[in-house]
Amino acid sequence: TAQVAYARILETLGEGREALRWLEAAIDLGLPRDHELDARRRSAQHLATLGRLAEARVHLVKALELSPDDATARAMLA
């Protein structure tokens, strides 16, 4: 979860590409469900900003697998 916290600091500093790297590293190591859901939504947002829509979609689909009723992930996917 420290990696996610660091990613949030990077986001605040406008370093979305670097934040994405830390978010995806945290996901790869394993996170509690709620933290993974948030990290996947944030990753998807950064990827979409970079024009990497197919990769963003993968994160959102996985977020919905974690929480099928997640309105935020569903709206982002739409």
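Helices (H or I, at least four residues) and strands (E, at least two) are taken here as DSSP runs, numbered from the N terminus. The structure is a predicted model, in which local features need pLDDT of at least 70 and side-chain atom pairs count only at pLDDT 80 or more, while totals for chains, interfaces and linings use all residues. Residues are numbered from 1 along each chain as its sequence is written, and side-chain values use heavy atoms, with hydrogens and water left out.

Spanning residues 16-29, helix 2 contains 14 residues and reaches 20 Å from its first C-alpha to its last, close to the 20 Å expected at 1.5 Å a residue; the expected span is 1.5 Å times one less than the number of residues. Helix 2 is followed by glycine 30, whose phi is positive, near 105 degrees.

Gly16, Ala19, Leu20, Leu23, Ala26 and Ile27 are the buried residues of helix 2. They lie on the same side of helix 2 because they cover an arc of only 130 degrees around the axis, the arc being that of the directions from the helix axis to the C-beta atoms. An α-helix has 3.6 residues a turn, so residues three or four places apart point the same way. Arg17, Asp28 and Leu29 are exposed on the other side of helix 2. The cover over the buried residues includes helix 1 (2-12), helix 3 (33-49) and helix 4 (53-66), with contact meaning heavy atoms within 4.5 Å.

A search of the whole structure finds 8 salt bridges, each a side-chain nitrogen of Lys or Arg within 4 Å of a carboxyl oxygen of Asp or Glu. One of them joins arginine 8 to aspartate 38, with the closest N and O atoms 2.5 Å apart. Since arginine 8 lies in helix 1 and aspartate 38 in helix 3, the pair ties together parts that are 30 residues apart in sequence. Arginine 8 is partly exposed, at 37% relative accessible area, whereas aspartate 38 is buried, at 15%. A network of salt bridges links Arg8, Glu11, Asp38 and Arg42.

Another salt bridge joins arginine 40 and glutamate 36 (2.8 Å, N to O). These residues are 4 apart in helix 3, and therefore separated by about one helical turn. Arginine 40 is buried at 8% relative accessible area, and glutamate 36 is buried at 16%.

Technical notes. Buried < 20%, exposed > 50% of the residue type's maximum accessible area, 1.4 Å probe, protein only.
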